[in-house]
Each structure stands twice: as structure tokens, then as C-alpha cells.
Amino acid sequence: MIMNLKNMMIGLCPDEKFNGISLYLFGSSIKAISSFKDIDIILIYNKKYNNINSIINLRKNMIEYWRKECDIVLDIILLDTCEEREVKFIKKTKAEIIYSK
């Protein structure tokens with residue numbers, strides 16, 4: 001599953017416009033692989049390289065792709081790097097990195 005997420009990100013981010021993005025897996029999908037109902041992802045982006053509209057569009061494309069191709073629901077939280085530093089979401093949820101560019 002993690003490899004599929006990495007491959008999908010490479011396919012959805014073919015150009016350099018998505019520099020400064022990291023994806024982390026958290027929640028039930030990393031705790032109990034066989035019994036999760038959705039895949040929880042946090043997408044961290046750097047405002048210096050990405051505007052919020054392109055990030056929202058990327059999230060939409062990811063959700064649609066996984067629903068159509070894999071019949072899996074993605075739940076994607078968006079945070080810019082400053083917000084993540086403030087709330088420490090990665091540390092609190094023990095999220096695991098699956099993609100960084």
C-alpha cells in the first residue's frame with residue numbers, strides 16, 4: 001500500500017510545481033493494515049513553493065484516483081509547514097513519512 005501511494009504521488013506530481021510537499025500516513029491504516037476503513041494522510045506543503053489552490057487540487061486528484069482505481073477512501077489533512085510546526089501533528093499522531101519532494 002505504501003509503495004502504491006509513493007507511485008501515485010510520482011504520477012500526480014510529474015513536474016516541479018509540487019516541490020516542498022511531504023505525505024505522512026497516520027491512524028488505523030498504519031496500525032491495523034487489514035482492518036482500516038480509510039487511509040489517513042497528512043499533506044504538509046511549503047507555501048514558498050505551492051499555493052493553496054494547487055494543493056487543494058492535488059488533494060482532490062488523490063482522493064478521486066484512489067476511489068476510482070482502488071476503491072479506497074483517502075482522508076487528507078492539509079497543513080503548511082508553519083502550521084505543522086505549531087500543532088506538531090506528525091509527532092502527536094506518530095505519523096510515518098511516505099513521500100517527500
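A salt bridge here is a side-chain nitrogen of Lys or Arg within 4 Å of a carboxyl oxygen of Asp or Glu. The legends below apply that cut-off to a predicted model.

**View 1. Lysine 60 and glutamate 64 meet in a salt bridge.** The N to O distance is 3.6 Å, so the pair falls within the 4 Å cut-off. Both residues lie in helix α3. They sit 4 residues apart, which means a separation of about one helical turn. Lysine 60 is partly exposed, at 43% relative accessible area. Glutamate 64 is also partly exposed, at 38%.

**View 2. Lysine 47 pairs with aspartate 80 in a salt bridge.** The closest N and O atoms are 3.2 Å apart. Lysine 47 is exposed, with a relative accessible area of 58%. Aspartate 80 is buried, at 3%.

**View 3. The structure holds 2 salt bridges.** One joins lysine 47 to aspartate 80. The other joins lysine 60 to glutamate 64. Side chains of opposite charge can pair when their charged atoms come close.

**View 4. Confidence is lowest in helix α1 and highest in helix α4.** Helix α1 (residues 2-12) has a mean pLDDT of 60. Helix α4 (residues 81-87) reaches a mean of 96. The chain averages a pLDDT of 82. Of the residues, 76% score at least 70.

Conventions: Residues numbered from 1 in each chain as written. Predicted model: local features only at pLDDT ≥ 70, side-chain atom pairs only at ≥ 80, totals over all residues. Heavy atoms only, no water. Buried < 20%, exposed > 50% of the residue type's maximum accessible area, 1.4 Å probe, protein only. Helix = DSSP H or I, 4+ residues; strand = E, 2+ residues; numbered from the N terminus. pLDDT = per-residue confidence, 0-100.
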